[in-house]
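Good morning, and thank you for making time for this item.

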Amino acid sequence: MNKAEDNFIVNRLKAFKYAFKGAWLLIRKEPSIKVQFTCAIIVTLLGFILDISATEWVVQLLAIGLVLAVEGLNTAVEKIADFIHPEYHEKIGDIKDVAAGAVTFAALIAAIIGLIIYIPKLL
């Protein structure tokens, strides 16, 4: 390996370190992520208990990932907005509401996916 390849690998490892730090901060400090993460653990355990299929696992994990990712982005938008304009401003409020709306879409779809997977198994 040459110097440029070494730097590339080192930089990618640093990027992963920061990414995992951010994920840990979300899980540790953000109430909304704590709720979503707890739901993710519950449906994951339920998946093992009810022996869902490989396809159902893929769909469930994609739904979990979508909700957690969008929730993380929503948190980032809120923090940036609060940093830029700490006092209330209508446009900042609209921006934060739109970001929260994205989480709502993801969570509703995830809930529907959960119902599709688990209602037949529970009946």
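This is a predicted model: local features need pLDDT of at least 70, side-chain atom pairs count only at pLDDT 80 or more; totals for chains, interfaces and linings use all residues.

Let me begin with N74, which is buried at a relative accessible area of 6%. Here, buried means under 20% relative accessible area, exposed means over 50%, and partly exposed lies in between, with a 1.4 Å probe and protein chains only. Residues are numbered from 1 along each chain as its sequence is written, and side-chain values use heavy atoms, with hydrogens and water left out.

N74 belongs to helix 3, residues 54–84. Helices are DSSP runs of H or I with at least four residues, numbered from the N terminus. Which residues does N74 contact, leaving aside its neighbours within four places in sequence? They are K96, A99, A100 and V103, where contact means heavy atoms within 4.5 Å.

Helix 3 itself deserves a moment. The expected span of a helix is 1.5 Å times one less than its number of residues. For the 31 residues of helix 3 that gives 45 Å, and the end C-alpha atoms are 45 Å apart, so the two agree. The buried residues of helix 3 include W57, I64, E71, G72, N74 and T75.

T75, also in helix 3, is buried with a relative accessible area of 6%. Not counting residues up to four places away in sequence, T75 touches L26, E30 and S32.

I33 is a residue of helix 2 and counts as buried, at 3% relative accessibility. With neighbours within four places in sequence left aside, the contacts of I33 are L26, I27, L68, E71 and G72. I33 and A69 are 36 residues apart along the chain, and their C-alpha atoms are separated by 9.6 Å.

I turn now to the pockets. As a general point, rolling a probe the size of a water molecule over the atoms shows where empty space is left. A pocket is defined on a 1 Å grid over the protein atoms alone, as an open set of points where a 1.4 Å probe fits, with protein on both sides within 12 Å along at least five of seven lines; lining residues have an atom within 4 Å of a point.

The largest pocket has a volume of about 320 Å³. Of its 18 lining residues, the closest to the centre are C39, V43, I64, A110 and A111. Which elements each supply at least two residues of this lining? They are helix 2 (31–49), helix 3 and helix 4 (90–122), and helix 4 gives the largest share, 9 residues. By type, the lining of the largest pocket divides into 15 nonpolar, 3 polar and no charged residues. In this count Ala, Val, Leu, Ile, Met, Phe, Trp, Tyr, Cys and Pro are nonpolar, Asp, Glu, Lys and Arg are charged, and the others, Gly among them, are polar.

The second largest pocket has a volume of about 180 Å³. Its lining consists of G22, A23, L25, L26, K29, E30, G72, T75, A76 and K79. Helix 1 (3–29) and helix 3 are the elements that give two or more residues to it, and helix 1 provides the largest share, 5 residues. This lining divides into 4 nonpolar, 3 polar and 3 charged residues. G22, one of the lining residues, lies in helix 1 and is partly exposed, with a relative accessible area of 29%.

Finally, how many aromatic pairs does a search of the whole structure find? It finds 2. Rings of Phe, Tyr and Trp (its six-membered ring) pair if their centres lie within 6.5 Å; planes under 30 degrees apart count as stacked, over 60 as edge-to-face and the rest as tilted.

The rings of F16 and F20 have centres 6.4 Å apart and planes at 25°, so this pair is stacked. Both residues lie in helix 1, 4 residues apart, about one turn of the helix, and both are exposed. The rings of F48 and W57 have centres 4.9 Å apart and planes at 50°, so that pair is tilted. F48 is exposed, with a relative accessible area of 59%, whereas W57 counts as buried at 19% relative accessibility.

Terms used:
Grid points are joined across faces, edges and corners, and a volume is the space filled by probe spheres set on the points.
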